[in-house]
Amino acid sequence: MLVLNCSTKLLILENMLRSYFPESLKVYGAVMNINRGNPFQKEVVLDAWPDFKAVITRRQREADTDNLDHYTNAYAVFYKDATAYRQLLEEHGVINWDQVFQIQGLQSELCDVSKAVANSKQLDVKLTSFKAVHFPPVSSLPDTSFLLGPPPRLTSLSVSDAELLDRTWSRGGNEQCLRYLARLLSCFPSACVRDDRGDPVSWALTDQFATMCHGYTLPDHRRRGYSRVVALTLARKLQSRGFPAQGNVLDDNLASINLLQSVGACFLPCRFHRLLLTPAPSSPPAGL
């Protein structure tokens, strides 16, 4: 295991990962954030340098952690060789197996390899797979003149909006998620439409892997074109900062799939896989 903490080498790695798009997009997004201030306190672990075969991004070991916070305890993976990935995964100290955490990536062997190692350590594994999406360069936005004057108004989210986002996210509704969303909003780009009271009615934000996420419009405000404007505005923000505009969508989310098709987003040949890993409960002492 090698922790890559040299700023020059991290920039070289960022450039190298471009050669492996789209499978390297999750790790690439994390590395880009590391190279631009590292607001989420990430680090890079590789099997070797510079001729690596597997790379994992993880939370810095010295950062504050909550063992129940699988949102923040997230690893992104890219490998050139699945065997090298397994060996790195099994190496002592690479993964904190005592906490609830995620593994994310865009390669097909990721699931089987990760599950095999996790099962050997008696962890429960839940897999969710998505269509992976990439936005081509957004050269122009739809007409937003109706959002530039009096409300509704096109703007960005703020930390004070985290509670609303937590309530409306299918993965939310807990202390860890609320804290995670507040941190995302303080660190990364977002876009939203606000009503005449200044409350968000349609929005999207960016996660720790530079992925567009939690795109949502309140039911009473749908079919007004807000989602389209928000998605393209956020994609353009990311692209203007040099980031790829990427996202994920569940196969049965037909409304979002139709929206993405309508704005010219490209569905990638690979799929996005997110594994949620949970340690088995400790067994009570014998005789109790």
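Tutor: Happy to, and one convention comes first: two directions count as roughly parallel under 35 degrees, roughly antiparallel over 145, roughly perpendicular from 65 to 115, and oblique otherwise. This is a predicted model, with local features needing pLDDT of at least 70 and side-chain atom pairs pLDDT 80 or more, while totals for chains, interfaces and linings use all residues. Residues are numbered from 1 along each chain as its sequence is written, and side-chain values use heavy atoms, without hydrogens or water.

Let us look at helix α1 (residues 7-17) and helix α2 (residues 25-34), whose axes come within 10 Å and cross at roughly 150°. Helices here are DSSP runs of H or I with at least four residues, strands are E runs of at least two, and both are numbered from the N terminus. The axes are lines fitted to C-alpha atoms, for helices over the stretch in contact, with angles from 0 to 180 degrees between N-to-C directions. The two helices are therefore roughly antiparallel to each other. Their crossing is left-handed, meaning that the near helix is turned anticlockwise from the far one by less than a right angle (clockwise would be right-handed).

On the α1 side, Leu-10, Leu-13, Glu-14 and Leu-17 make the contact; α2 brings Val-27, Tyr-28, Val-31, Met-32 and Ile-34. Contact means heavy atoms within 4.5 Å. Sorted by type, the residues of this contact are eight nonpolar, no polar and one charged. (Ala, Val, Leu, Ile, Met, Phe, Trp, Tyr, Cys and Pro count as nonpolar, Asp, Glu, Lys and Arg as charged, and the others, Gly among them, as polar.)

Glu-14 is buried, at a relative accessible area of 2%; buried means under 20%, exposed over 50% and partly exposed in between, using a 1.4 Å probe and protein chains only. Side chains of opposite charge can pair when their charged atoms come close. Such a pair is a salt bridge if a side-chain nitrogen of Lys or Arg lies within 4 Å of a carboxyl oxygen of Asp or Glu.

Which partners does Glu-14 have? One is Arg-18, with the closest N and O atoms 3.5 Å apart. Arg-18 is partly exposed, at 39% relative accessibility. Another is Arg-36, whose salt bridge with Glu-14 spans 3.0 Å from N to O. Arg-36 sits in the loop between α2 and β2 (42-46) while Glu-14 belongs to helix α1, so this pair ties together parts that are 22 residues apart in sequence. Arg-36 is partly exposed as well, with a relative accessible area of 41%. Both bridges belong to a structure that holds 12 salt bridges.
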